[in-house]
Amino acid sequence: MFVRDRQSVEAVDWGNGTSHRLLVQRDGLGFGVAHTVVNAGSESRLQYTRHTEACYCIAGSGEVASADGSVVHRINPGIIYVLDQHDAHFLRADPDADMHLISIFDPPILGTERHRLSGNEFSQY
């Protein structure tokens, strides 16, 4: 058993916010966990080609949309969204406050990953 405090983990600037990577590959648990903050008013083009991801919203609000924009889901505290098909997607935080997510990755992330959020491509890792 071990305990880890978010303040004891250095925040990683992932591109449009910060991520405290609480459990990573070196922890040997088979999954990763991060407290992800999405900057208010930001839009991110994202895709995880090597991981599936589930995100549970604990604060703030926004939306997640399919790459072609045909499917849009509102995200509020208490909502989980799951990217089970390595889905390219847009993640948008509402302009009034940062959105906080608990992100679970399978397999676990290394902990140093960062997105490249420029141009019209979906950032991948």
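Trainee: Is F105 buried or exposed?
Mentor: This is a predicted model, where local features need pLDDT of at least 70, side-chain atom pairs count only at pLDDT 80 or more, and totals for chains, interfaces and linings use all residues. Residues are numbered from 1 along each chain as its sequence is written, and side-chain values use heavy atoms, with hydrogens and water left out. Buried means under 20% relative accessible area, exposed over 50% and partly exposed in between, with a 1.4 Å probe and protein chains only. F105 has a relative accessible area of 3%, so F105 is buried.

Trainee: Which residue forms an aromatic pair with F105?
Mentor: Rings of Phe, Tyr and Trp (its six-membered ring) pair if their centres lie within 6.5 Å; planes under 30 degrees apart are stacked, over 60 edge-to-face and the rest tilted. The count comes to one aromatic pair. Its centres are 5.5 Å apart with 70° between the planes, making it edge-to-face, and the partner of F105 is Y48.

Trainee: How many residues apart are Y48 and F105?
Mentor: Strands (E, at least two residues) are DSSP runs, numbered from the N terminus. Y48 sits in the loop between β4 (43-47) and β5 (52-59), while F105 belongs to strand β10 (residues 99-106). The pair therefore links distant parts of the chain, and Y48 is buried too, at 6%. The separation is 57 residues.

Trainee: Which strand has the lowest mean pLDDT?
Mentor: pLDDT is the predictor's confidence in each residue, from 0 to 100. The protein averages 92, and strand β7 (residues 72-75) has the highest mean, 98. Where pLDDT is low, the predicted coordinates should not be read in detail. The lowest mean, 66, belongs to strand β11 (residues 123-124).

Note on methods: Helix = DSSP H or I, 4+ residues; strand = E, 2+ residues; numbered from the N terminus.
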